[in-house]
Amino acid sequence: MTGTAKTVPQNPPDNVLIIGGGTAGWMAAILLAHAWRQHGTRITLMESAAIGTIGVGEGSTPRMRVFFERLGIPESEWMPACNATYKCGIRFPGWSTRQGYRSYYHPFFTLDDNPFIQPFFHNADLRRRKSVAVDAHPDSFFVSQHLAQGRRAPVAGRGNYSTDYAYHFDAGLIGEFLKRKSLAMGVRHIEDTVNQVEPTGTGDIAAVHTERHGRMAADLFVDCTGFAGLLIGRTLEVPFHSYRDHLFNDSAVALPTPTELNVGLPSETLSTALRHGWAWKIPLTNRFGNGYVYSSDYCSPEEAERELREHTGQHDPAVEARHLKMRIGRREDCWAGNCLAVGLSQGFIEPLEATALMLVQETLEQFITAHGQGEAARAAFNRRIGQTFDGVRDYVFMHYKLNTRTDTPYWIDNRENGPCSDVVEALLATWDSRGGDILAALNERSEQLVYSHTSWICILAGMGRFPRNTRKAGHKHQPSDARAVARTCQGMVPLLPDHRAVIDAMLTEAA
Ligand code: FAD
């Protein structure tokens with residue numbers, strides 16, 4: 001992520017009403033309370049007992065570390081409460097059919113990873129010259145990939161070495177944890193259902209009308225009503241920009257599988273390509289979360305469930321699968337009048353890179369900074385958040401664009417019929433024709449990019465797509481250097497602790 005907004009309070013409102021008690025609602029409650037409570041702001045969160053939460057969302061990006069650090073909540077407190085595990089990155093088996101590149105890894109990086117980019121170019125150069133390519137997949141050049149393979153915890157170990165990392169957690173438990181914390185910080189919680197929203201007629205919300213508490217007014221309304229988008233969409237009618245042309249998936253089916261007790265605890269998410277989409281496998285302390293994200297244009301819910309059960313080996317009919325629909329895209333503006341939309345009401349990009357809660361956090365942090373700063377700040381905020389959504393969309397889209405599968409029309413259409421954004425088209429053209437210029441091309445577009453240069457190179461080279469010309473890469477690497485880089489990364493593994501041992505120790509301490 002590019003933005004790291006500071007939470008400095010600017011003219012906080014007197015009275016905030018958050019509608020919705022999913023993860024987005026409780027993240028909003030705790031971050032707004034943290035920023036504004038000491039200035040006297042009253043914060044109320046209302047959720048409907050009759051309308052459930054989405055109940056999925058179990059992977060994060062490294063931004064979640066900042067979220068808990070800012071709130072002063074240590075891992076030893078929240079992780080055991082949420083059955084959480086560490087995440088070194090995401091492995092993508094089956095997206096590419098190229099020999100030697102059938103799986104690739106999107107790592108979370110360390111500063112030390114930067115020099116490791118060079119061997120990518122070296123490999124590319126050797127391939128172009130049809131010389132002997134380094135006998136290492138590009139994944140080998142990143143420490144966290146080795147840590148995940150070794151089922152290590154990416155936390156500081158004996159060598160005092162650390163890499164960036166993220167988390168896996170139980171979606172329901174994290175909501176409950178944030179709720180407890182928010183209540184302790186003075187947030188008021190009510191259970192009720194909004195059945196009518198009263199607009200002012202000048203672009204603001206005057207009040208909501210509820211079943212049990214009657215009319216409720218506020219200075220600021222936070223719409224966390226999920227895909228319903230009750231305030232931002234149905235009432236204020238802020239246009240929704242669909243990403244359907246780029247990202248075909250609109251459905252998911254989820255089911256759990258038991259923990260594998262006799263092997264180490266994985267510290268990565270698996271995102272395996274299936275026939276009409278991809279399946280996640282997320283390790284928690286007490287189970288695996290699994291799900292199949294697919295397009296209903298190519299596959300029925302019954303077929304998807306059958307394929308997921310086959311893939312996971314979960315054939316027990318008593319374990320029910322949950323079927324979900326997804327609306328992919330974003331609001332033109334997520335802050336309109338006195339209403340801020342956060343979470344699924346604001347927009348959603350399919351969960352391939354587990355970015356939804358990162359976008360919730362980013363929106364709230366930037367909103368707190370922009371609030372009270374006038375119309376120009378509001379316009380800049382909306383532009384930035386829109387750009388961030390589009391940037392994540394582009395990176396997720398690149399996975400589909402680079403796939404080389406031919407087994408189903410789904411994969412062929414995703415590669416050939418999904419229109420590229422300007423950013424993706426320009427990056428692909430540069431990479432294909434003169435790969436060495438890719439860093440300059442990425443720099444030119446840094447405003448529009450959410451992911452780091454290294455992430456882009458990881459996906460391109462990791463899927464086995466190599467440039468025709470790497471002359472300008474400016475590298476001086478020899479095959480032996482590349483092997484040395486891979487060996488150095490591998491050498492870090494014993495310096496970091498076993499993942500299960502770290503998690504078990506944390507659980508024992510919390511008990
Ligand atoms: P919801 O959970 O739907 O909550 C909506 C709330 O609004 C509920 O409390 C409901 O009671 C309330 N409400 C609605 N209408 C009314 C009303 N009229 N009156 C009062 N209250 C009302 N995110 C990630 O970060 N990582 C992941 O790995 C990930 N995986 C996902 C996989 C799938 C298949 C899907 C669909 C999503 C995934 N997400 C993921 C996204 C993540 O689940 C959501 O971003 C997150 O849960 C926030 O949801 P929410 O709070 O916006 O909405």
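**Close-up views of salt bridges in a predicted model**

**View 1. E365 and its partner R63.** E365 is buried, with a relative accessible area of 1%, in this predicted model. The side chain of E365 meets that of R63 in a salt bridge, with 2.6 Å from N to O. Because R63 belongs to helix α2 (residues 63-71) while E365 belongs to helix α9 (residues 356-370), the pair ties together parts that are 302 residues apart in sequence. R63 is buried as well, its relative accessible area being 9%, which falls under the 20% cut-off for that word.

**View 2. R287 with D170.** In this view R287 forms a salt bridge with D170, and the closest N and O atoms of the two are 3.1 Å apart. R287 lies in strand β16 (residues 287-294), whereas D170 sits in the loop between β6 (166-168) and α6 (171-184), so this pair ties together parts that are 117 residues apart in sequence. Both R287 and D170 are buried.

**View 3. D432 with R465.** Here a salt bridge is formed by the side chains of D432 and R465, at 2.6 Å from N to O. Since D432 is part of helix α12 (residues 422-434) and R465 is part of the loop between α14 (453-462) and α15 (479-492), the pair ties together parts that are 33 residues apart in sequence. D432 is buried, with a relative accessible area of 16%.

View 4. A search of the whole structure finds 21 salt bridges.

Terms used: Residues are numbered from 1 along each chain as its sequence is written. This is a predicted model: local features need pLDDT of at least 70, side-chain atom pairs count only at pLDDT 80 or more; totals for chains, interfaces and linings use all residues. Side-chain values use heavy atoms; hydrogens and water are left out. A salt bridge is a side-chain nitrogen of Lys or Arg within 4 Å of a carboxyl oxygen of Asp or Glu. Helices (H or I, at least four residues) and strands (E, at least two) are DSSP runs, numbered from the N terminus. Buried means under 20% relative accessible area, exposed over 50%, partly exposed in between (1.4 Å probe, protein chains only).
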